[in-house]
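The following note sets out points for a colleague who is reading this model beside its sequence. Please consider them in order.

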Amino acid sequence: GKGKGKGKGKGKGKTKAGDDDEAASDLEKDVEGAIVSALSLLLHSERPVRKASVLFLDAAKAFVGGIFSEVAGAAGDSHSLELEIDGSAMPKFLGNVVKDHGKDLLKAMADNWCRGEELGLGGSTGGVLKAMELAGDGSDEMFPLATRWEHCGLRIFGRAMEIEGLAWEDKRSVVVRLVGRLMRGVAGDGSGTGVGVVMGGGRRKYSVSESSFVALPKSMIEVMKKSLEVSVGNDVTRGVVVQVMNKASWVDNVWVQFDDDEKLGFAESLMELRCSSVGGGHVSSAFEGLHLGVGALKMLEEVDLSKEGGEYSQQLLKLSYLCDYVSSSNGKAGIAVQSQTGRLIFRLLLNYLTTLAKSDGDEDCYTRNCIISCLAEVAGAVKMLSGEGVMSAKKKRRRSSSGGGAKGDVVFVATAAEERDFLAYSELLVSLISGTDEIKPVEGSANVKNVLAILTVIADQCPSIAKRLLEALQLVTDREERVDDVRSFQVSNECLTAIVPSFCKGGRRIGLRFFDLVECFVGNYSSIASAHRKNFFLTFMNVVVRVKRNGDGVAAVVGSLLAGFGGKSEKESEEMRKFCMTLVINMPTSEQVHALLNLLKYSSELLGHVADFNVEAFTSNTPTDKFFDIGYADLLKFVGGGDDEQQEQKVLVVNILRLITGILAHPNFPLIVKNTKKAQQYLIQVWQRLLTLRNVIRDGDAEDDEDEDNEDDIFFSAAQETIMESMLSLQRLVSLERYLIITRLLIEFAKEGDETLVRKSLILLGERLSKVKKGEAEYQEAVEFLRDDLLKALEADKYGPSVSVAMATLAVVVGELDGVEEYSDVLKQALSAVVKVLKRESKLSGVSLAVEKLLGKLGAKAMPMVEQLMSGAGVGNGEKAKTLEGLRVVKSTVKWLGAFVRKYLGTLLQE
């Protein structure tokens, strides 16, 4: 009534009522926000907190209407005890109470959040969204992702992007707690397989199957793309990158659902952000976490180096970042799956490298290094050595039967256009190592290593550039003179590991030889830092061994070293022999023995060359692989010409023979070959060749002896002496079984003048036989040698001047025999042989000892032979025993007879 009739009063009345209505509306909105917070707290790990939330919800239902009143009432009444006790009951509660009104709750939460700039309830809204996600055991049926996004997430995200001046912490709260989990899809909380719900201080995992992940709504994808635009570039952008795209679960579960265009769109947006320095390292991490596959190739193809100024710098930056990605684990994984993509990337990067090769700006050089590193990674990832080619997928296949390749190799031949490109690339890569007037060389050993890795991959596809590998090897070894740090040395070793196999693969196809590689490497011996020389050569030789087992490689390297650097003086010769011996001893066992055989072949061929000897026994075998075959003529390339050339060649022969002697006498060599059956067999071959070579030298020396002033005498003498030392050293290495084989060979092939060798060999044989015990396998071998070889040779007078040593050996063998009955026939045969020798050479020493041993072993069984012994000594046949050894035989016989008779004398006297 007070307001009637007066407009002013009426107006005032309306204003007050409006204020009251507005205040009531604000209060209701505030209570709605508080209800959202209380619902979120029902997920809390502490029961008192959940109990307080239930009590609040029960009280708050009176101040609100609609869906909020319904939810609060149910929570505070019929479901109160369940929510209070169980911290994981919230999702189930929402599924039961809000199932048919989910849209209403989502809209109401969005309205509540968007009504102002206060973001304090953002985390609470996120908690309710999380519970809705988990409702229905994490399926997308109860509260579908599309519904949650359309009616809540989309509105909140749009509002967050519009708000200006918000602190990063607040905006991160928006993205993380509200929208981030929606953008990461079902169960997209970062775990990748499920989500965690806090309950009773612990964490329960809800497993979500792969089929549960659903496609993101199209509007969400568009909003995400919009947020990644550089023009937006605010903290919401950063939040999307950090809390969504930088999560493994998002990449594994959501990214894979995008089509190729969508993936490429996101990747390009991230790249633009990275080049614009928006988002920092988080953007880089997110980009490298993507699985782009062919998308990386498309992005590389879009790089335009024809730009100028700032745009050119941006393109360089983009190219560098793309190289980083391709080199990453995800980039290489994509290439491995799509090898054709990898080959196309390889070709494209080579083109970019060609474009930047002559640029010397800091940005250009940095990008160039990135390209080189990436190319090296791509080469390994796509396994270019498989021979599929870098360029065209159309390759000509042929099977090589002779000449350029080993029989049966599959050879891939590049087209003429490809070969031109290959040659240009190889020339560029070598220039990047050496530097030219126009091209600045790469810096750092790692970059050199990468350039060589790229070069070897190209060489595998185009054999004609194998010569470039020799240039590269020259540069690598030359670098060693200037580089002393360990890392650089290790990188150089890795370069060798790449170059050698690649050269061997391509070089044989274009008529090159393995020795071309050896010549290049050994020729740079002086350029390699002395501190690294040994390990550098060992690396080279080990790689060679892996490429060609039991070939000429090891012998070729050490033979070339002796030829090139071992003949200036005796001191230099000795030092080089020690260096070469160290190299050989560090090779595998079989390689060491094969090196000995090949070194003998070289020395024999050289003898035929410098002394015109007949060495057909060493050169009759036709090599099975012309690429790896190396002969004496190759070694002579390292020997200087001029008046002293022939003398230097003779020095080389002696050096090779002395190297063989040094290897055989090395303390480690017996340990290597002692228990290796195959090596033992090869050692016999070595010994046979040594004996043959010694005989060849002796025959040649005898022909030259007519000239008393022959200056070759010193050379022949040194060669023979060295060979004999080798033979004696080798005889100490072989088993007794094989030593007996050697002795048989001596008996068969020894010539006049070999007395020293035969004598020393027999002395050593006696020493070895004295250590054989009955019961050992070698014991019977010794008996068979006595019966079948030693006695027959004595009877046939095959030992010549060494017969006295043979008699001493016989005494040793007889002395070790145990068991007269078992070996009586052998002993009788031995005594008969001794009698024949005594009759033939009564002055020979050693006979009496053998007689004494035999009589002692035979006992009464020797009685029939006494008369023959006396006769051989010159007794009983009308002659007087005039020689000292004859008297010793008589003495030994009489002494034995006295001992024999004494056993019966006492019995006879008593009778």
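1. Of the 911 residues of the protein chain, 52% count as buried, where buried means under 20% relative accessible area, exposed over 50% and partly exposed in between (1.4 Å probe, protein chains only). The chain exposes about 41,000 Å², of which carbon and sulfur atoms supply 48%; accessible areas come from the Shrake-Rupley method with a 1.4 Å probe, and for residues only the protein chains shown count as cover.

2. This is a predicted model, in which local features need pLDDT of at least 70 and side-chain atom pairs count only at pLDDT 80 or more, while totals for chains, interfaces and linings use all residues. Residues are numbered from 1 along each chain as its sequence is written, and side-chain values use heavy atoms, with hydrogens and water left out.

3. The mean pLDDT (the predictor's confidence in each residue, from 0 to 100) of the protein chain is 76, and 76% of its residues reach 70 or more. Over residues 186-211 the pLDDT is below 50, and this stretch has 65 contacts in the model beyond near neighbours in sequence, a contact being heavy atoms within 4.5 Å. For residues 383-412 the pLDDT stays under 50, with 63 contacts beyond four places in sequence.

4. The protein chain has 42 helices and four strands; these are DSSP runs (helices H or I, at least four residues; strands E, at least two), numbered from the N terminus. Among contacts between residues at least 6 apart in sequence, 73% join residues at least 24 apart.

5. How many cavities of 30 Å³ or more does the model hold? The count comes to two, a cavity being a set of points on a 1 Å grid over the protein atoms alone where a 1.4 Å probe fits but cannot get out. The second largest cavity holds about 40 Å³ of space, with volume taken as the space filled by probe spheres set on the points, which are joined across faces, edges and corners.

6. The lining of the second largest cavity (residues with an atom within 4 Å of a point) includes Gly293, Ala296, Tyr325 and Ile345. Helices α16 (309-327) and α17 (329-337) are the elements that give two or more residues to this lining, and α17 gives the most, with three. The lining residues divide into five nonpolar, three polar and no charged; Ala, Val, Leu, Ile, Met, Phe, Trp, Tyr, Cys and Pro count as nonpolar, Asp, Glu, Lys and Arg as charged, and the others, Gly among them, as polar.

7. His594 is found in helix α28 (residues 589-610). His594 counts as buried because its relative accessibility is 12%. Apart from neighbours within four places in sequence, His594 is in contact with Asn550 and Tyr682.

Note on methods:
On a 1 Å grid over the protein atoms alone, a cavity is a set of points where a 1.4 Å probe fits but cannot get out, and a pocket is an open set with protein on both sides within 12 Å along at least five of seven lines; lining residues have an atom within 4 Å of a point.
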